[in-house]
Amino acid sequence: MRRTTMIIALIAVMIPSTATADDLSVDEAQHALRRGVEYFRDHVSIEGGYLWRYAADFSEREGEVPASATTAWVQPPGTPSVGAAYLDVYELTGEEYYLEAARETALALVRGQLQSGGWDYRIEFTPEDRKKHAYRADANQSDDQDKSTPDDTRDKKKKKRPPRNTTTLDDNTTQAALRFLMRIDRALGFQDQPIHESALFALQSLLDAQYPIGAWPQRFSAAPDPDKFPVKSASFPDQWSRTYPAIDYRSYYTFNDNTIADMVDLMFRAAEIYDDPQYTASAERAGDFILLAQLPEPQPGWAQQYDAEMHPAWARKFEPPALTGAESQGVMRTLLRLYDRTGKAKFLQPIPRALAYYQSGVLPDGRLARFYEMGTNTPLYFTKDYQLTYSDDDMPTHYGFKTRNNLDAIAKEYDKRKNSDHPGSAKPLTELNKAPRLSAKLKQRAAAVVDAQQENGAWIEPARQRNRSHIPANAPCINCQTFSDNIVTLARYIAASKNSR
């Protein structure tokens, strides 16, 4: 009987709204927006934090992997992405309710900040789970507890595994959290002490973690010893092992998943928000690392990661030391942005050589290989049991060993700049378009959003098949990315409608 009741309730939730959206009014859009945010805050949030997706009946919850009801996810499109959407809505509508929603989410991130300065992929909220992490917000409390613990108990505690204190820059995790915190810090006039202190502490930690050469690692727990990381240009090793060495690669200089590109963007935004040149200098040092990391002819591209000798190096068992056709395109776009912000021609100089090199390696289907072998320039792949091979007949499906080719678009952007006398752009990076145009496309999108909303305020869609997902494919699902997109669309429609009067 209970199961039947749950199924009937789930079907009822999935019935679309009967409100017509053919001629959407501002009042209808405002009502849908408020109802959607209220539902998310009241039913989806865990203390202001969010995951990635939820079964419509909340029987399953997921970030990149399944998670509990007391876990939030930092890695986008989790908590920072939802918070940024709330802040976008506030800036578009001016309604304080949405600023408070954004602040609530910011405070969830403050509670998840590690003592190393940044964030892990996830935040735990139960007291027992929080003990496993070195959360900065809990540091004073932990110190007080230790002082009141008998000596023999403290000795036993010292033998336990230390709390997790590893900041990750992988997958835009810490960068996304900090970008959002900086934005809301400014929106709150830099007067919210927990948020302001959290943002500045994270920025200082990232400055401290930057290597002398200008790069960052994928993850860190403390600042590096500069004597162990000399400044030198990239070069090819005399030899490299085709067997996965299973060593810790987290300290390597990392382009993988656009880590350094995200850091350059973050530092330029920090310089703008806090009017502090040390962040601009950090971004430029990262640009200088990109120049040093370009490998010599006849393969003037970039690797995913480098060891301290500036040789391409192994990371995971399917990421060999090689030139990369994926991240290198992001590297070239980062060089263009560095030129735009600084006006320094040195950031354009590596691009023509790299474009010519990667154009020579385009695959028959027009894409680029993720990996090109050092010396031979032959595309490298892996079999499903992770054996390095030249054949693409038996590749794992969880990783893109072939990647989109955006070289022509990058070349066009380079051509726009190569002959310009450019002093550096003062165009703000963090300014939201507060006066969107009321176009037919925006009207259609807003109408579709309202029409798809359920009576309870949720937006429910079929779940997509994912690795490691516990939510079955096509099962009714609440998706944080969809929610964020939908509320910003409604806010843009509201702002555009009011501006067009």
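This is a predicted model: local features need pLDDT of at least 70, side-chain atom pairs count only at pLDDT 80 or more; totals for chains, interfaces and linings use all residues.
Trainee: Why is the meeting of Arg-34 and Glu-38 called a salt bridge?

Mentor: The term needs a side-chain nitrogen of Lys or Arg within 4 Å of a carboxyl oxygen of Asp or Glu. Arg-34 and Glu-38 have an N to O distance of 2.9 Å, so the pair qualifies. Both residues sit in helix H2 (residues 26-44), and because they are 4 residues apart, about one helical turn separates them.

Trainee: Is Arg-34 buried, partly exposed or exposed?

Mentor: Check the relative accessible area (1.4 Å probe, protein chains only): under 20% is buried, over 50% is exposed, and partly exposed is in between. Arg-34 has 32% and Glu-38 has 31%, so each counts as partly exposed.

Trainee: How do you know that Asp-192 and Arg-103 form a salt bridge?

Mentor: Their closest N and O atoms are 2.5 Å apart, so they pass the cut-off for a salt bridge. This pair links distant parts of the chain, 89 residues apart: Asp-192 is in the loop between helix H8 (173-187) and helix H9 (193-209), and Arg-103 is in helix H4 (residues 96-112). Asp-192 is buried at 10%, whereas Arg-103 is partly exposed at 27%.

Trainee: Which parts of the chain does the pair Glu-284 and Lys-344 link?

Mentor: The side chains of Glu-284 and Lys-344 meet in a salt bridge at 2.6 Å, N to O. Glu-284 belongs to helix H11 (residues 277-293), and Lys-344 to the loop between helix H12 (327-342) and helix H13 (351-359), 60 residues apart. Glu-284 is buried at 17%, but Lys-344 is partly exposed at 35%. Elsewhere, shared partners tie Asp-340, Glu-413, Lys-416 and Arg-417 into one salt-bridge network.

Trainee: What makes H3 roughly parallel to H16?

Mentor: Axes are lines fitted to C-alpha atoms, for helices over the stretch in contact, and angles between N-to-C directions run from 0 to 180 degrees. Under 35 degrees is roughly parallel, over 145 roughly antiparallel, 65 to 115 roughly perpendicular, and the rest oblique. The axes of H3 (residues 79-93) and H16 (residues 480-499) cross at roughly 5° and come within 9 Å. That angle makes the two helices roughly parallel.

Trainee: Which residues in H3 meet which in H16?

Mentor: Contact means heavy atoms within 4.5 Å. Among those meeting are Val-82, Ala-85 and Leu-92 in H3, and Phe-483, Ile-487 and Arg-492 in H16.

Trainee: What is Thr-71 in polar contact with?

Mentor: A polar contact is a pair of N or O atoms within 3.5 Å; within protein, one must be able to donate a hydrogen and the other to accept it, and residues adjacent in sequence count only if both atoms are side-chain atoms. Thr-71 makes one of 2.9 Å with Ser-68 and one of 2.7 Å with Glu-124, side chain to side chain in each case. Thr-71 lies in strand E3 (residues 71-73) and is buried at 1%.

Trainee: Where does Pro-298 sit, and is it buried or exposed?

Mentor: Pro-298 is in the loop between H11 and strand E8 (305-306). At 65%, Pro-298 counts as exposed. The peptide bond leading from Glu-297 to Pro-298 is cis, with omega near 10°.

Trainee: What is the phi of Met-310?

Mentor: Met-310 has a positive phi of about 65°, although it is not a glycine. Met-310 lies in the loop between E8 and strand E9 (323-324), and at 0% it is buried.

Terms used:
Residues are numbered from 1 along each chain as its sequence is written. Side-chain values use heavy atoms; hydrogens and water are left out.
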